[in-house]
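Please read the points below with the model open beside them.

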Amino acid sequence: MELQMTPPEGIRAMMERLNREGFQACLVGGCVRDALLGRVPNDWDLCTSALPEQVELLFDRTVPTGIRHGTVTVFYGGAQAEVTTFRRESGYSDHRRPDSVVFTDSLETDLARRDFTINAMALDAHGVLHDPFGGQADLAAGVVRCVGDPERRFREDALRMFRALRFAAQLGFAVDPAALDAIGELAPEARFVAPERIHAELDKLLLSPRPELLEQLIALGLLDGYAAAREVPCAGLSALPPEHLIRWTGACAALRRAGAVSDTAAFLRALRLDAHTVRVCSAAAELALNPFPDTVPGIKRLLAGYGAETVRCAAACAGQGTALVDGVLASGACYDTAHLAVTGADLTARGVTGPAVGQVLHRLLDHVIDCPADNDRGVLLKFLEEELEHD
């Protein structure tokens with residue numbers, strides 16, 4: 001069939017250049033899938049019958065990003081694309097990358113090595129769709145189905161088990177039952193997948209319209225290396241704002257409630273999340289497990305102790321919502337010693353030294369949280385004098 005698709009001019013020019021030199025060139029994978037779904041692709045990948053060295057000779061600006069496996073990044077006409085030679089693969093001893101790559105002149109052979117039918121479609125420069133494995137039908141049916149035997153596909157690359165659920169979450173699809181059976185059988189092979197790659201897939205799943213599919217992913221055993229239980233209710237995740245820190249906090253809180261993890265910081269570090277995410281989400285998940293304040297002074301005291309990002313995440317995941325926290329933050333209300341109308345220098349000038357400076361500033365802050373109008377230099381200095389006389 002013919003498909004109307006308008007890639008950037010530079011991408012079209014790359015395809016035309018390859019065609020003029022006698023090579024096949026097709027858009028392939030995610031960009032074709034997204035076009036069929038009526039979405040604007042985020043990036044553009046090409047497959048071609050040209051060998052990597054031939055691609056490098058045809059274009060002035062290239063980077064051999066994965067030349068061993070046939071991939072050259074091409075910059076042409078103001079556009080950028082990964083251009084990969086048609087290939088077949090064999091031997092996946094590390095359960096991630098092929099041990100052997102053989103270049104071929106067959107587009108169908110190249111499509112046959114791909115993970116899912118919805119990613120195994122190609123569009124040539126004439127608008128002809130090449131779909132030998134029924135990807136278009138699976139898009140219409142809303143199914144994530146493996147190309148060929150699911151067990152073989154997942155043994156080749158264990159990350160594909162995570163990708164199956166991630167695509168289902170992003171697209172609103174169901175995973176083919178045969179693929180689910182294979183994932184349940186081969187889940188122990190997830191141990192071969194680098195934690196950074198697992199974390200990247202989980203991030204996309206959590207930020208998708210259906211983050212609750214994390215529950216199915218855990219139930220299948222894909223996180224057995226990180227979580228101690230498989231029954232983790234995650235239905236509430238979809239109600240959370242689709243923000244990185246909030247969704248990860250929600251996931252951590254769900255794991256803690258289910259007893260699947262006892263130390264959320266250790267769990268996040270094991271998945272190689274960045275230090276900021278570990279700090280905020282682990283603290284917020286713990287706060288979300290306890291009764292959450294619903295008053296302005298209560299929110300201010302939490303902000304004073306934990307900071308805005310942590311408290312906002314905790315509020316969302318505790319069922320409080322972020323409106324009250326956002327309102328306090330937007331009001332410019334004092335919730336930190338840095339917001340006080342007096343400073344440590346004012347205290348030092350009045351004889352307060354050492355650790356007592358911080359202690360007195362926190363007493364003043366505690367007073368201002370309850371009495372916001374008193375955050376005035378004159379009022380606080382008078383209050384300070386009374387405090388010092390009393391001490």
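1. R256 has a relative accessible area of 23% and is therefore partly exposed. The side chain of R256 meets that of E286 in a salt bridge, with N and O 2.7 Å apart. A salt bridge is counted when a side-chain nitrogen of Lys or Arg is within 4 Å of a carboxyl oxygen of Asp or Glu. R256 belongs to helix α11 and E286 to helix α13, so the pair ties together parts that are 30 residues apart in sequence. E286 is partly exposed too, at a relative accessible area of 29%.

2. The model is predicted, so its limits should be kept in mind: local features need pLDDT of at least 70, side-chain atom pairs count only at pLDDT 80 or more, and totals for chains, interfaces and linings use all residues. Residues are numbered from 1 along each chain as its sequence is written, and side-chain values use heavy atoms, with hydrogens and water left out.

3. Helices and strands are named by order: they are DSSP runs numbered from the N terminus, helices being H or I with at least four residues and strands E with at least two.

4. How many salt bridges are there by this rule? The count comes to 21. One of them pairs E243 with R312, with 2.9 Å from N to O. E243 sits in the loop between α10 (214-219) and α11, while R312 is in helix α15 (residues 308-317), so this bridge ties together parts that are 69 residues apart in sequence. E243 counts as partly exposed, at 33% relative accessibility.

5. Another salt bridge joins R377 to D346, where the closest N and O atoms are 2.9 Å apart. Because R377 lies in helix α19 (residues 377-390) and D346 in helix α17 (residues 344-349), the pair links parts that are 31 residues apart in sequence. Is each partner buried or exposed, or in between? R377 is partly exposed at 40% relative accessibility, whereas D346 is buried, with a relative accessible area of 10%.

6. Next come the empty spaces. Rolling a probe the size of a water molecule over the atoms shows where empty space is left. On a 1 Å grid over the protein atoms alone, a cavity is a set of points where a 1.4 Å probe fits but cannot get out; a pocket is an open set with protein on both sides within 12 Å along at least five of seven lines; lining residues have an atom within 4 Å of a point. Grid points are joined across faces, edges and corners, and a volume is the space filled by probe spheres set on the points.

7. The largest pocket holds about 1500 Å³ of space. It is lined by 43 residues, of which D45, E82, R114, D115 and R163 are the closest to its centre. Elements that give two or more residues to this lining include β2 (45-48), β5 (79-85) and α9 (195-206). The most comes from α7, with 7 residues. The lining has 12 nonpolar, 11 polar and 20 charged residues. Here Ala, Val, Leu, Ile, Met, Phe, Trp, Tyr, Cys and Pro count as nonpolar, Asp, Glu, Lys and Arg as charged, and the others, Gly among them, as polar.

8. There is 1 cavity of 30 Å³ or more. The largest cavity has about 40 Å³ of space. Its lining is made up of L202, L206, L214, L223, W248, A251, L255 and F267, which divide into 8 nonpolar, no polar and no charged. The largest share, 3 residues, comes from α11.

9. The structure holds 0 disulfides, a disulfide being a pair of cysteine sulfur atoms within 2.5 Å. C313 is buried, with a relative accessible area of 3%, and C281 is buried at 0%.

10. Finally, check the backbone at R272. Its phi is near 65 degrees, a positive value in a residue other than glycine. R272 is in the loop between α12 (264-270) and α13 (275-288), and R272 is partly exposed, with a relative accessible area of 46%.

Terms used. Buried < 20%, exposed > 50% of the residue type's maximum accessible area, 1.4 Å probe, protein only.
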